[in-house]
Amino acid sequence: MILHLSEVMNAPLDARNMMMRAVGFAPRYGATPYTDAQMAPIRDAVSWTLERHAPYPGFVIDRVWRIVQLNAPASRLFAPLGLSEGGSMLDLVMHPIMPEVIENWPEVAHHTSIRLRAESAAAGGVAELDAAIEALAAQANASTVPAGPSVSAIYRFGDKRLSFIATIAHFSTVADETLEDLKIELFFPADEASDAILRAMAASD
C-alpha cells in the first residue's frame with residue numbers, strides 16, 4: 001500500500017524509502033554511488049553527452065547542486081570562480097561576487113530562485129535549496145520582462161561577454177536515489193558572438 005500510494009503521488013524515491021523505514025520495512029530503492037560499477041552505463045552516457053556538447057559548456061549536478069562532472073568548456077568557464085568537480089553551485093549562486101560575474105544577475109537570481117523552490121517542493125523540502133532561496137530573495141528582481149522566449153544568463157568572462165541559454169536533462173525510468181537526483185545541464189550560446197567566442201576558445205586548446 002505504501003509503494004502504491006507513493007507511486008500515485010509521484011513521491012521522490014528517498015521519500016518512499018523513508019516511509020518504508022517508518023513502518024518497519026526495508027528500503028525499496030538503492031542509492032548507488034556514482035562511481036560504482038553498476039553506474040558505468042550511466043557514466044558512459046553522461047560522458048558521451050558532455051563530450052559531444054563541446055565547444056559549449058555542460059555539467060552534471062546532484063540534488064543539492066554539487067558538481068558531479070564537467071566537460072572541458074564548463075571547466076574553463078567555472079575555473080575562475082573556483083569551481084570544479086565536487087564544488088557547490090549553491091555556494092556560487094549565494095556568493096556576493098555574482099552581480100559582477102553575471103551582467104543581468106537580478107533577473108537570473110529571480111528565475112534561479114523559482115527553479116530552486118520547485119526542486120525543493122518536489123523533493124519534499126531540501127534545507128540546502130531553501131537556504132539558497134532565502135539568500136537570493138534580496139537580490140532577485142521579478143519585475144523585469146524578458147526580451148525573448150528565454151532568460152539568458154550573460155557572463156563576463158575576462159574581457160569577453162558570453163550569453164547563454166540552458167536546458168536540463170534527466171534520466172527516465174529510474175529506480176535509484178542517486179540517479180533520480182542527477183541533472184545534466186547544457187549551456188548553449190544565445191547569440192552568434194557568444195558562439196564564435198566559445199569556438200575560438202576551444203580551437204585555442
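How many cavities of 30 Å³ or more does the count come to? The count comes to 1 cavity of that size. Please keep in mind that this is a predicted model.

On the approach, briefly: rolling a probe the size of a water molecule over the atoms shows where empty space is left.

The largest cavity holds about 30 Å³ of space. Its lining consists of Pro 57, Pro 73, Arg 76, Leu 77, Phe 157, Leu 162, Leu 198 and Met 201. Two elements give two or more residues to that lining, namely α4, residues 72–78, and α10, residues 192–204. The largest share comes from α4, with 3 residues. By class, the lining of this cavity has 7 nonpolar residues, no polar ones and 1 charged residue.

The largest pocket contains about 600 Å³ of space. It is lined by 26 residues, and those closest to its centre are Val 108, Thr 112, Arg 115, Ala 166 and Glu 185. Which elements give two or more residues to this lining? They are β1 (58–61), α5 (89–93), α7 (105–122), β3 (153–157), β4 (160–169) and β5 (183–189). By class, the lining of the largest pocket has 19 nonpolar, 5 polar and 2 charged residues.

Next, the fold. The protein has 10 helices and 5 strands. Of its 205 residues, 41% count as buried. If you take contacts between residues at least 6 apart in sequence, 57% of them join residues at least 24 apart.

In what order do the strands form the sheet? The order is β2-β1-β5-β4-β3, the sheet is open, and the pairing is antiparallel. At the edges are β2, residues 67–70, and β3, each of which pairs on one side only. From one strand to the next, the twist averages 30 degrees.

I will take the two ends of the sheet in turn. At one end, β1 and β2 pair in the antiparallel sense over 3 bridges. Ile 61 stands opposite Ile 67 in β2. At the other end, β3 and β4 run antiparallel and are joined by 5 bridges. Here Arg 156 stands opposite Arg 161 in β4. The hairpin of β3 and β4 has 2 residues between the strands, and in it Gly 158 takes a positive phi near 65 degrees. Although β3 is an edge strand, β3 is mostly covered, with 4 of its 5 residues buried.

Helix α3, residues 40–53, lies across β1, β2 and β5, and runs at about 10 degrees to β5. Helix α10 lies across β3, β4 and β5, and runs at about 90 degrees to β4.

Now some local geometry. As background, most residues other than glycine have a negative phi, and most peptide bonds are trans. Where does Pro 55 lie? Pro 55 lies in the loop between α3 and β1. The peptide bond from Ala 54 to Pro 55 is cis, with omega near 15 degrees.

The other loop to look at is the one between β1 and β2, where Trp 65 lies. Trp 65 has a positive phi of about 65 degrees, although it is not a glycine. Is Trp 65 buried or exposed? Trp 65 counts as buried because its relative accessible area is 5%, and the cut-off for buried is under 20%.

Arg 66 is found in that loop between β1 and β2 too. Arg 66 has 40% relative accessibility, so it counts as partly exposed. Leaving out residues up to four places away in sequence, Arg 66 touches Val 60, Ile 61, Gly 86, Gly 87 and Ser 88. Its C-alpha atom is separated by 7.6 Å from that of Leu 90, which is 24 residues away along the chain.

To recap: there is 1 cavity of 30 Å³ or more, a largest pocket of about 600 Å³, and an open sheet of 5 strands with antiparallel pairing. That is what I have, and I am happy to go back to any part of it.

Terms used: Residues are numbered from 1 along each chain as its sequence is written. This is a predicted model: local features need pLDDT of at least 70, side-chain atom pairs count only at pLDDT 80 or more; totals for chains, interfaces and linings use all residues. Side-chain values use heavy atoms; hydrogens and water are left out. On a 1 Å grid over the protein atoms alone, a cavity is a set of points where a 1.4 Å probe fits but cannot get out, and a pocket is an open set with protein on both sides within 12 Å along at least five of seven lines; lining residues have an atom within 4 Å of a point. Grid points are joined across faces, edges and corners, and a volume is the space filled by probe spheres set on the points. Ala, Val, Leu, Ile, Met, Phe, Trp, Tyr, Cys and Pro count as nonpolar, Asp, Glu, Lys and Arg as charged, and the others, Gly among them, as polar. Two strands pair if DSSP finds at least two bridges between them. Axes are lines fitted to C-alpha atoms, for helices over the stretch in contact, and angles run from 0 to 180 degrees between N-to-C directions. Contact means heavy atoms within 4.5 Å. Buried means under 20% relative accessible area, exposed over 50%, partly exposed in between (1.4 Å probe, protein chains only).
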